[in-house]
There are 2 protein chains.
Amino acid sequence: MPRFPRFLLAVLAFALPAAGQLRAAAPAATTVEQWGTYEIALQGPADGNPFLDVTLRADFSNGAKTVTVDGFYDGDGVYRIRFMPDTTGRWTWFTHSTRWPLTQKRGAFTVTAPSKGNHGPVRVANFYHFAYADGTPFKQIGTTCYTWTHRPAEVEEQTLATLAASPFNKLRMCVFPQTHGTSTMPPTRFPFAGEGTKPDYTRFNPEFFQHLDKRVGQLRDLGIECDLILFHPYDDDHIWGLDTMPPDVEDRYLRYIVARLGAYRNIWWSMANEYDFVRTKTEADWDRYFRVVQAADPYGHLRSIHNGKVIYNHNQPWVTHVSLQNGLATTDPGKIQLYRDVYRKPIVVDEAEYEGNHIYRWAQLTSREMVHRFWACTIAGTYAGHSEFFVQPGDASEFVWLGQGGVLRGESAPRLAFLRKIMEDGPATGIDPIDKWWEPRVGGKPGEYYLWYFGHEKPASWTFQLYRDGIAEGTTFAVEVIDTWEMTITPVSGEFVAKKKDRYSFVDAAGRSVALPGRDGIALRIRRTGGPAGEISDKPPGY
Amino acid sequence: MPRFPRFLLAVLAFALPAAGQLRAAAPAATTVEQWGTYEIALQGPADGNPFLDVTLRADFSNGAKTVTVDGFYDGDGVYRIRFMPDTTGRWTWFTHSTRWPLTQKRGAFTVTAPSKGNHGPVRVANFYHFAYADGTPFKQIGTTCYTWTHRPAEVEEQTLATLAASPFNKLRMCVFPQTHGTSTMPPTRFPFAGEGTKPDYTRFNPEFFQHLDKRVGQLRDLGIECDLILFHPYDDDHIWGLDTMPPDVEDRYLRYIVARLGAYRNIWWSMANEYDFVRTKTEADWDRYFRVVQAADPYGHLRSIHNGKVIYNHNQPWVTHVSLQNGLATTDPGKIQLYRDVYRKPIVVDEAEYEGNHIYRWAQLTSREMVHRFWACTIAGTYAGHSEFFVQPGDASEFVWLGQGGVLRGESAPRLAFLRKIMEDGPATGIDPIDKWWEPRVGGKPGEYYLWYFGHEKPASWTFQLYRDGIAEGTTFAVEVIDTWEMTITPVSGEFVAKKKDRYSFVDAAGRSVALPGRDGIALRIRRTGGPAGEISDKPPGY
């Protein structure tokens, strides 16, 4: 393997017990951890066109259930089947294929308990939120590096190092290369055989996907979810033919990537970035991609699609959560909440505009405003995404985090780490709007926990007053003042004791207010310390 | 007809040429105007249960097309078929029935041009807007009187008189009575035979529906669209059984009311008010009602449903436009725009809270705030709805416009008339957001017409600056300052000449600003007066 010394090294460093990559037809491992990737490698025919001619699948069974998984051809006569078991214990497998050397193979292995930090794949939880399969809440703080896996190895390693030191637990990234930033770092791998500009749609390029597998695995090992963008409109000159595949090739591509990466627990499927800017496809095509992916993926990984200027119908049943671009919906605390009621699914504003100094206004946010928008989304019971576009003086190639990765130049990341800590210290079930038709600035869990965010308002004080749900006469609360930029949490001395004010709200029995610093970006954290719990009359769906 | 002298009078006064109401089996008229109601009355069996036993329909044909219309039993052995022709010229009809006396009847008539003020039924136009069938834009200024047709005749007449003098061109109203306000004005008619509290679900009460027909016809003659609410949750004690019909009765009721009222050009179908508060039904039921109505209605009248706290999936294909309750979405100019992109249908906030002095906060708006919310919706390219709940001192029955009709006590109506005039003087295609991802306060038609609304902001001046779409160097504009409450329109002297400022916007070549009065509720109307037109780069869907 002289071509990929770094790659091989990385594989050895990160390989799962049974990863088997580049170990053709080696015996499969006898153990794998729960939600790990169990891989079977089989030697099979290399003649003809194995991508088209050969089908391979395996049934995995633990006696209680059977999961059928598609295999894939990985070049050089090697076929692989990857499986992510969701329960511990003994599993057996049995293959089916259109070719004799690959059929009726069988084996067994034992699934051990997950290792530390492995909580399984992320799922929708409590309608509007996320949790890992083991029940651990997943508090999303996302970022985007569209095509970091198409850069020189040292840049890719730098991106991983940056991520490792960042607060981000989800990364949006494209499978395909993009035109932007290619002047100094042109892509060297393409998903199909043939030249990059003359793709042979009948054959995949295993090397391309092996590299992608590796990078996705590295994200997994950093505890980062990979929101993998399957199509995009960024082949600006349409030279690579990746937005003009015939439908049967599109479907084969989708099934191939699901077969390769579905067994990675940190995979999320994003059908596209700015899907409506892909001018070669109709909405019916996007519907179809969802259905193809859904049918191919036995694990039900999260599925979404991200808009340019036309919002997809996220009410479609195959959409698990909403991935949005709309900066204006995040300018005011709570505004984004409107989308929750519309879709009844988790809302992730993956693009609330970007930090940066770009000539275009979609990447001109100050770091403060980026942090503000995360808070504005958080207290609305939704999630936000970060990225940045800081062009360095004299850098004609515009090597920026959004496109290529590398290093972060903005100042939001530490503040987002601070926010993530607050989110993780908050209600396990997530933050929901408290009085959503009337007061946009407060989210939490009625009677227990409140985050009140003033955004760009700079009040000098706040009179203790909370909506009735979950509160009774005598419920007591502790209040802290949070400076979201300075990253300080200042307890307010003394306890607040709830006293009914009117039909809708409770105030402090002593009429106390909270003094505020009169600055931008101030929040309150209010937690119940004791006293009776009140009734919850306005239950959100699912409560 | 000794029981209904007023009714009969009204019928005679308002009857169409072929209305035929209470004229059993009279010969049908020979002419009807386009979008009028052509009615055929036939004598048939009165024995057994005609509502269940007899089906009747007629094919209407003008040679080019055939429209099949269901008839209905109207009591006393009289069966009626009503038809709304959409083209002028000669039409013929031919009946089909399960009973001999009603089948193979035939006739012909001539459809004449519509009379003055008859523009046909209202349809969706330009994706987000409405127009009558003849192309005349319909600029919706709605109000709600839920159960005004269940009141004493003099109160109902008073309601009609109030409406006649009002700006409202759409009225939301319920078919069924509601509990509220019944202490002094109990309902006297119920849709089913039997006692009100002991409905015989197998038989309709023709008298109930005849009364409804009459009132809907009177609204039509006042130029008011009737947004007819087919179910509601306001039978507080569930004594009338109107929210607990078996499914077959629900479907029969829907088909019956469509057969009766589908030929009224001013009908809109609203499946429910606060549909999710009807605790006896599931979302699948609501889907079904839509489909039953859609299948029964040969004219495709507008169809919607109105939410309590759970928003219906308005992306369903049978929803023609979105009828919303969400006051908080209307507090800031343009905020409501988010729903446009989600549904790609007209958005009507039928309940943006109400003017009033109610003990509940959903009816405590000041008149100024009511007007503000209409403006906040209008410039977002959406529509709003009015109602009010002003309880008079000592009125234990709470006789208010929202429930019972009568008179208006708030101060918003003249301001809404002022707004309607501005809307009707505006672009025929409707007001759309101009720069929707960035500037919520302005709507209009790019390069031609802008309404900029400051809401509760009170700036002392506004620097002329408009988004690039439709503008070129040298495009000239006239600016007017509108006081939405004082109902004044003050022209700003001189012309504004567009000069490119940056990638996104044009300013005035002389750098001029507009002085503003520094009050609440100020808007600008900016209209192109000359100069070149610019390109439109950010085209909304359908442009």
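Student: In this predicted model, which residue of chain B forms a salt bridge with A:Arg361?

Tutor: Side chains of opposite charge can pair when their charged atoms come close. For A:Arg361 the closest N and O atoms are 2.8 Å apart, and the partner is B:Asp435.

Student: How many salt bridges does the rule find across the interface of chain A and chain B?

Tutor: Over all chains the count by this rule comes to 68 salt bridges. One that crosses between the chains joins A:Arg361 to B:Asp435. Across the interface of chain A and chain B, the number found is four.

Student: What is the area buried between chain A and chain B?

Tutor: The size of an interface is often given as the accessible area lost when the parts come together. The contact here takes 37 residues from chain A and 37 residues from chain B. Carbon and sulfur atoms give 57% of the area buried between the two chains, and that area is about 3,600 Å².

Student: Which three residues supply more than any other three of the area that chain A buries against chain B?

Tutor: The contact draws on 37 residues from chain A, and the area buried between the chains is about 3,600 Å². Of the area that chain A buries against chain B, 25% is supplied by A:Arg361, A:Trp437 and A:Trp438.

Student: How many residue pairs are in polar contact across the interface, and which element gives the largest share of the side of chain A that touches chain B?

Tutor: The rule finds twelve residue pairs in polar contact across the interface, both residues being at pLDDT 80 or more. On the side of chain A that touches chain B, α7 (337–343) and β23 (439–445) of chain A each supply at least two residues. The residues of that side divide into 19 nonpolar, six polar and twelve charged. The largest share, five residues, comes from α7(A).

Student: Which are the edge strands of the open sheet of seven strands in chain A?

Tutor: The sheet has mixed pairing and the order β1-β7-β6-β3-β4-β5-β2 in chain A. Its twist averages 30 degrees from one strand to the next.

Student: Which residue of β4(A) is the bridge partner of A:Asp59?

Tutor: Strands of a sheet pair through backbone hydrogen bonds, either parallel or antiparallel. Strand β3 (residues 56–61) of chain A runs antiparallel to strand β4 (residues 66–73) of chain A, and five bridges join them. In β4(A), the bridge partner of A:Asp59 is A:Thr68.

Student: At about what angle to β4(A) does helix α5 of chain A run?

Tutor: Helix α5 of chain A holds both A:Arg252 and A:Asp248, four residues apart, about one turn of the helix. The side chains of A:Arg252 and A:Asp248 meet in a salt bridge, at 4.0 Å from N to O. The helix, residues 247–261, lies across β4 and β5 (78–83) of chain A, and its angle to β4(A) is about 110 degrees.

Student: Which residue of β7(B) stands opposite B:Phe94?

Tutor: The open sheet of seven strands in chain B has the order β1-β7-β6-β3-β4-β5-β2, with mixed pairing. Within chain B, strand β6 (residues 89–97) and strand β7 (residues 106–112) run antiparallel and are joined by six bridges. The residue of β7(B) opposite B:Phe94 is B:Arg106.

Student: What is the phi of A:Gln104, and where does A:Gln104 lie?

Tutor: Most residues other than glycine have a negative phi, and most peptide bonds are trans. A:Gln104 is not a glycine, yet its phi is positive, at about 60 degrees. Its place is in the loop between β6 (89–97) and β7 (106–112) of chain A.

Student: Through how many residues does a hairpin join β29(B) to β30(B)?

Tutor: Strand β29 (residues 496–500) of chain B pairs with β30(B) in the antiparallel sense over three bridges. In β30(B), the bridge partner of B:Ala498 is B:Asp508. The hairpin joins β29(B) to β30(B) through four residues.

Technical notes. Residues numbered from 1 in each chain as written. Chains lettered and ligands numbered in written order. Predicted model: local features only at pLDDT ≥ 70, side-chain atom pairs only at ≥ 80, totals over all residues. Heavy atoms only, no water. Contact = heavy atoms within 4.5 Å. Buried area = accessible area lost by both parts, 1.4 Å probe. Polar contact = N/O pair within 3.5 Å; in protein donor to acceptor, adjacent residues only side chain to side chain. Nonpolar A, V, L, I, M, F, W, Y, C, P; charged D, E, K, R; others polar. Pairing = 2+ DSSP bridges. Axes fitted to C-alpha atoms, helices over the stretch in contact; angles between N-to-C directions.
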